[in-house]
Amino acid sequence: MVTSCWQFCPLCGAALVGSELAGRQRLQCGAACGFVHWDNPAPVLAALVEYEGRILLARNHAWAAGAFGLITGFLERDEAPAAGVAREVREELGLEADAVTLIGVYPFTRKHEVIIAYHVLAHGEIRLNEELAEFRLIVPEKLKAWDFGTGLAVSDWLVRRRVGSQPTDGVL
């Protein structure tokens, strides 16, 4: 059984019906206009921002007090992920990226997303946009990973930092 908030074809308005396509249950147009709701996860960019030797964590206005995380945002159409994460850092923090290095790619099934996480060396004056309530700067030695979402990237970055190896792809 396919579960989705989609009920009708956005092309012709006919009811969507569940059927197997490409090895999975998918919703297709019942009138056979050709529409398929693939229901692929959304690509999300995450930035572990290093600013003046410290790691910047931010709290979104929608989050509980004391809840901080990495800078995140959606990948835009026709945008390279490394350029997109630099854009998110600029939009949300007012900082410019000096270097962008891939940490890894992580499934986040709870939110139907795939996280593409980067370590971003940044400079400038921190200016939070309207999404963010506050930020904290943490020395890397005190940074602790959490066990879901972007916390998996934090964990991988901390391990690589301890052993002194970082991937080099995606460097600006």
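Is Ala 64 buried or exposed? I looked up its accessibility: at 52% relative accessibility, Ala 64 counts as exposed, where exposed means over 50% relative accessible area, buried under 20%, and partly exposed in between (1.4 Å probe, protein chains only).

**Ground rules.** I am working with a predicted model, in which local features need pLDDT of at least 70, side-chain atom pairs count only at pLDDT 80 or more, and totals for chains, interfaces and linings use all residues. Residues are numbered from 1 along each chain as its sequence is written, and side-chain values use heavy atoms, with hydrogens and water left out.

**Ala 64, continued.** I placed Ala 64 in the loop between E5 and E6; helices (H or I, at least four residues) and strands (E, at least two) are DSSP runs, numbered from the N terminus. I then took the C-alpha separation of Ala 64 and Pro 140, which is 23 Å for 76 residues along the chain.

**Ala 153.** I found Ala 153 in helix H2 (residues 151–163). Ala 153 counts as buried because its relative accessibility is 0%. Leaving out residues up to four places away in sequence, Ala 153 touches Ile 103, Tyr 106 and Ala 117, contact being heavy atoms within 4.5 Å.

**Strand E8.** I checked how E8 (113–123) is covered: eight of its eleven residues are buried. For pairing I used the rule that two strands pair if DSSP finds at least two bridges between them. E4 pairs with E8 in the parallel sense over ten bridges, while E7 pairs with E8 in the antiparallel sense over eleven bridges. Ile 115 in E8 stands opposite Val 44 and also opposite Tyr 106. The hairpin of E7 and E8 has four residues between the strands, and there I noted His 112 with a positive phi near 55°.

**Cores.** Which residues touch the most other members of the largest nonpolar core? I listed Val 49, Leu 95 and Val 120, in a core of 21 residues. A nonpolar core is a set of buried Ala, Val, Leu, Ile, Met, Phe, Trp, Tyr and Cys residues joined through side-chain atoms within 4.5 Å. Strand E4 (42–51), E5, H1, strand E7 (96–108) and E8 each give two or more residues to this core, and H1 gives the most, with five. A second, separate core has 17 residues, among them Ile 115, Ile 138, Ala 153 and Leu 158. Returning to Val 120, I set aside neighbours within four places in sequence and found contacts that include Val 49, Val 85, Val 89 and Ala 99.

**Largest pocket.** I recorded a volume of about 620 Å³ for the largest pocket. Of its 25 lining residues, Trp 63, Leu 70, Thr 72, Phe 108 and Lys 111 are the closest to its centre. A pocket here is an open set of points on a 1 Å grid over the protein atoms alone, where a 1.4 Å probe fits, with protein on both sides within 12 Å along at least five of seven lines; lining residues have an atom within 4 Å of a point. Grid points are joined across faces, edges and corners, and the volume is the space filled by probe spheres set on the points. E6 gives the most to the lining, with four residues.
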